[in-house]
Amino acid sequence: HYSAKIDLFGFKKLVDLLGGIEISVDRSFDDNKFPIEGKEADLCDGDPAFSCRYQLIHFSAGKQILNGERVLQYIRSRQAEGDEGTDFARSQRQEKVMVAIKKKVLSLNILLNPGKISALFRLLDEITRTDLPQDHLLYLWKQIALMGFSQIKTVHFKDLLDSSTQNSYGQW
């Protein structure tokens, strides 16, 4: 009955406020069509491929600390070659980021720092919009804080699909 909206670019601010988050990238990937902010309408001097609108981003496999800008690239990439270029992979990356943010927010370095907690609440107020009543919001935050990481369960439609149903363009 309620809704909540989080500013996507607010994630960048949130991650930077937290000092970055640790992400384990499962597979290396490149996206050579990642959009450059502010270039969406650039005519690229007549280039029919509009190459000037895009940049190459690369992620290597393994654990790494990502700042806000890199987190946005990680969760928004949708043109990588292979499995990492699917909406399923992007969705899984977004889930990883949410879990990493929760883990960082609930770390002792954050919880024992009153200035950081105060800044965190100010930022969350700035980047979120909701029609949840205040008492519901406090209850929700309490439940999120008490939920163990092992309690988070996800099911992906991809896991339920038969790969033989893919068409020649790799679509389901």
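1. A pocket, as the word is used here, is an open set of grid points with protein on both sides within 12 Å along at least five of seven lines. With that in hand, here are some friendly notes on this predicted model.

2. Let's start with the overall layout. The protein has seven helices and six strands, and from the N terminus on they follow the order β-α-β-β-β-β-α-α-α-α-β-α-α. Of its 172 residues, 24% count as buried. Among contacts with a separation of 6 or more, 67% join residues 24 or more positions apart.

3. Now to the largest pocket, which holds about 1,200 Å³ of space. Its lining is made up of 34 residues, and those nearest the centre are I6, M98, L124, W141 and I144. The elements that each give two or more residues to this lining are β1 (4–6), α1, α3 (87–105), α5, β6 (128–130) and α6 (134–146).

4. Which element gives the largest share of the lining of the largest pocket? That is α6, with seven residues. Sorted by class, the lining of the largest pocket comprises 24 nonpolar, four polar and six charged residues.

5. The second largest pocket contains about 520 Å³ of space. It is lined by 23 residues, with E22, I23, S24, K96 and A100 closest to its centre. Two or more lining residues come from each of β2 (21–25), β5 (62–66) and α3.

6. In the second largest pocket α3 gives the most to the lining, with nine residues. The classes in the lining of the second largest pocket are nine nonpolar, four polar and 10 charged residues.

7. Helix α1 (residues 8–17) packs with helix α5 (residues 114–127) at an angle of about 175 degrees, and their axes are 10 Å apart. Angles over 145 degrees count as roughly antiparallel, and α1 and α5 are therefore roughly antiparallel to each other. On the α1 side, the contact is made by G10, K13, L14 and L17; on the α5 side, by K116, A119, L120, L123, E126 and I127.

8. What classes do the residues of the contact of α1 with α5 divide into? Six are nonpolar, one is polar and three are charged.

Technical notes. Residues numbered from 1 in each chain as written. Predicted model: local features only at pLDDT ≥ 70, side-chain atom pairs only at ≥ 80, totals over all residues. Heavy atoms only, no water. Axes fitted to C-alpha atoms, helices over the stretch in contact; angles between N-to-C directions. Helix = DSSP H or I, 4+ residues; strand = E, 2+ residues; numbered from the N terminus. Parallel < 35°, antiparallel > 145°, perpendicular 65-115°, else oblique. Contact = heavy atoms within 4.5 Å. Nonpolar A, V, L, I, M, F, W, Y, C, P; charged D, E, K, R; others polar. 1 Å grid on protein atoms, 1.4 Å probe; cavity = no way out; pocket = protein on both sides within 12 Å on 5 of 7 lines; lining within 4 Å. Points joined across faces, edges and corners; volume = space filled by probe spheres on them. Buried < 20%, exposed > 50% of the residue type's maximum accessible area, 1.4 Å probe, protein only.
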